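Subject: Structure handover

Dear colleague,

I am passing on the structure we spoke about, and I would be glad if you could look it over with the notes below beside you.

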Amino acid sequence: MPSENQAQVEAFCAKAALVNAVVQELPTMAAALQYVVDVCASKAPCEMLADEPGTEPGPLGPNKVPTRVQRVIAAPALGDEDFAALEEACKEKGFLCLRSGLRNYLAGIDVGVSPAILGVAASGTCMVDNDNEDARLAGMISEINVLLLNRNEIYPDLPAIAEILRKRMDSRPGTYTTLITGPSRTADIERVAAVGVHGPLELHIILLEGQGHA
């Protein structure tokens with residue numbers, strides 16, 4: 001773990017902003033979880049891009065598909081204490097808070113929350129452990145992806161994390177370690193940039209004051 005470097009933190013924030021990530025610096029996990037709930041409450045209803053039996057559809061969204069009536073937040077990788085706090089905050093709002101079974105919500109969810117292992121200042125990138133299938137889905141089928149990153153886990157560049165990657169690859173037969181830089185985007189169709197085609201429409205990164213996740 002590197003010691004906190006304010007210059008690297010500032011560089012990370014600047015680079016993340018350039019790739020359209022929203023960066024928030026918050027002092028506690030409680031504040032971070034409240035931010036997640038507030039983001040979910042303020043966003044437009046999630047568009048259901050596939051049939052989902054048993055789910056009440058709402059009015060048509062911008063893409064002329066039904067919207068989801070109940071708001072959904074998924075946080076499969078949160079620790080027990082943090083998830084319990086998030087679940088309680090969701091209940092107060094009438095939101096559904098998921099830790100597993102995301103295959104039943106493949107039409108799309110509002111917000112997916114994941115802890116980030118580390119950040120890379122040179123590109124505004126976050127590294128996430130997605131070995132668990134529900135953790136992968138939380139970052140793929142959500143309209144807004146929220147990553148929780150400790151300020152003292154920001155490294156200067158990709159070469160600085162090479163040894164960490166080697167250890168992860170050597171410690172298990174396979175890994176879904178993911179490097180995330182900004183929201184999903186592509187320019188495959190006639191070189192016109194489009195956001196959210198292969199994943200979240202928005203990426204929010206919450207910088208925490210060097211604390212672990214419960």
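Predicted model: local features only at pLDDT ≥ 70, side-chain atom pairs only at ≥ 80, totals over all residues.

Residues are numbered from 1 along each chain as its sequence is written, and side-chain values use heavy atoms, with hydrogens and water left out.

The protein has five helices and 14 strands (DSSP runs numbered from the N terminus, H or I of at least four residues for helices and E of at least two for strands). Of its 214 residues, 46% are buried (under 20% relative accessible area with a 1.4 Å probe, protein chains only; over 50% is exposed, and partly exposed lies in between).

Strand β4 (residues 72-74) runs parallel to β5 and is joined to it by three bridges, with Leu 98 in β5 as the bridge partner of Ala 74.

A second open sheet, of four strands with mixed pairing, has the order β10-β7-β8-β11. Here β10 (154-155) and β11 (178-180) stand at the edges with a single partner strand each, so one side of each has no neighbour in the sheet. Strand β8 (residues 125-128) and β11 run antiparallel and are joined by three bridges, and Cys 126 stands opposite Ile 180 in β11.

Helices α2 (residues 29-42) and α3 (residues 80-93) pack at an angle of about 40°, with their axes 10 Å apart (axes are lines fitted to C-alpha atoms, for helices over the stretch in contact, and angles run from 0 to 180 degrees between N-to-C directions).

Arg 168 lies in helix α5 (residues 162-170) and is buried, with a relative accessible area of 13%. Beyond its neighbours within four places in sequence, Arg 168 is in contact with residues including Asp 129 and Asp 131 (contact means heavy atoms within 4.5 Å). Arg 136, in turn, lies over the face of Tyr 176, at 3.7 Å from the ring centre (the criterion being NZ of Lys or CZ of Arg within 6 Å of the ring centre and within 35 degrees of the ring normal).

Key
Pairing = 2+ DSSP bridges.
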